[in-house]
Amino acid sequence: MPYDALVVVSFGGPERPDDVLPFLANVTRGRGVPPERLAEVAEHYQHFGGVSPINQQCRDLIAAIRADLAANGVDLPVYWGNRNWHPMLADTVARMRDDGVRHALAFVTSAYAGYSSCRQYLDDITAARAAVGPDAPLIDKMRQFWDHPGFVEPHADAVRAALGTLDPARRDSTRIVFTAHSIPTSMAAGAGPEGGRYQAQLHETAGLVAAAAAPGLPYDLVWQSRSGPPHVPWLEPDVNDHLRQLAATGTTGVVVSPIGFVSDHLEVVWDLDTEAAATAKEVGLDFVRAGTPGTDPRFVTMVRELVAERGVGAAHPGDTAPRRRLGTLPVWDTCPGCCAPARRP
């Protein structure tokens, strides 16, 4: 059955103060997150008026994707559904059914393998289709894109631009610090068919971005935004601990690049622009945060190229576009059934 729609599937976020706690309850359901951590994170959202940037960023991305598809002769309606807040994915799937959609592609705003970043979105799609019923459209998730040029190149340009704002006389004591969302170590161990794929992909992306932006400059991959119970091991070091260690060992400046993310949502503007920047100031580090792809035209084009890989918009019926990739780790179109959820105590 040919594909007749594209649905952008994202995390979702509150858009007014009264949304914050119900949204966080959706995010953390069944995860054993301590109430005090929920209250702390809720305060982060209230710092920005109870509004997460992520929904507007999704609207902007979808508008750019629609314009790009139309400009390139790809007649594919674009829908949007979230995991944790409105528009909820099940409601979107119901609307797709009512519009006559039979078989859709899904673009998930997460580049990497792992339970939270890939498998859970597949589970969300399955649950949404089950909620809609037997006439729900089929939905196939497109591949992970950690090494696609449309993702890597905007990150590299952002790092290059950020480096340009630091004192060139102190370049020899400057480092790039790449960040991604920390996850439980048990979840990291189960990412991908043979395990460890989340970290491996992030290390590959970090190497590709660093080589393009600043070959020869030292860099690190560290973690941010931990949210689980303190007795459960998560990936370390935390970015704030790492910045303190760098300052103590002679580093004078850092470019912090959130390669784990596609846009400047709350975990970027709070955890990095607010908390990590404050840590850097405390320990005397020059600090600049590199941007994320957002609606960079190369990132938008990447979405169309992923669609073309599945045969939509090809010059001849049945054709598929070649994959554009910069890395060497394996990639696949159909999930091999990996990435089990983290073991909960």
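This briefing covers the sheets, the helices packed on them, the nonpolar cores and selected residues of one structure. The model is predicted. Elsewhere, strand E1 runs parallel to strand E3 and parallel to strand E2. The largest nonpolar core holds 60 residues, and the structure holds zero disulfides.

- Strand E5 (residues 174-181) runs parallel to strand E7 (residues 253-257), and five bridges join the two.
- Within this pairing, Thr174 has Gly253 in E7 as its bridge partner.

- Ser182 sits in the loop between E5 and helix H7 (185-189).
- With a relative accessible area of 2%, Ser182 falls under the 20% cut-off and is therefore buried.
- The side chain of Ser182 reaches the backbone oxygen of Leu235 at 2.9 Å.
- Not counting residues up to four places away in sequence, Ser182 touches Trp223, Gln224, Trp234 and Leu235.

- Six of the six residues of strand E1 (residues 5-10) are buried.
- Both faces of E1 are covered. Ala5, Val7 and Val9 are buried on one side, and Leu6, Val8 and Ser10 are buried on the other.
- Five bridges join E1 to strand E3 (residues 103-108), which runs parallel to E1. In this pairing, Ala5 stands opposite Ala104.
- Five bridges also join E1 to strand E2 (residues 78-82), again in parallel. Here Val7 stands opposite Tyr79.

**Nonpolar cores**

- In soluble globular proteins, nonpolar side chains tend to be buried together.
- In the largest core, of 60 residues, those that touch the most other members are Leu6, Ile65, Phe107, Phe145, Val159, Phe178 and Tyr198.
- Helix H6 supplies the largest share of this core, seven residues.
- Leaving aside neighbours within four places in sequence, Phe145 is in contact with Phe107, Val108, Ser110, Ala111, Phe151, Val262, Phe299, Met302 and Leu306.

**Cysteines**

- A disulfide is a covalent bond between the sulfur atoms of two cysteines. The structure holds zero disulfides.
- Cys118 is in no disulfide, and the nearest cysteine sulfur, that of Cys335, is 5.7 Å away.
- Cys118 has 7% relative accessibility and so counts as buried.
- Which cysteine has the closest sulfur to that of Cys339? The closest is in Cys338, at 3.6 Å. A disulfide needs the sulfur atoms to be within 2.5 Å, so this pair is too far apart for a bond.
- Cys339 also counts as buried, because its relative accessibility is 4%.

Methods
Residues numbered from 1 in each chain as written. Predicted model: local features only at pLDDT ≥ 70, side-chain atom pairs only at ≥ 80, totals over all residues. Heavy atoms only, no water. Pairing = 2+ DSSP bridges. Helix = DSSP H or I, 4+ residues; strand = E, 2+ residues; numbered from the N terminus. Buried < 20%, exposed > 50% of the residue type's maximum accessible area, 1.4 Å probe, protein only. Polar contact = N/O pair within 3.5 Å; in protein donor to acceptor, adjacent residues only side chain to side chain. Contact = heavy atoms within 4.5 Å. Core = buried A, V, L, I, M, F, W, Y, C linked by side-chain atoms within 4.5 Å.
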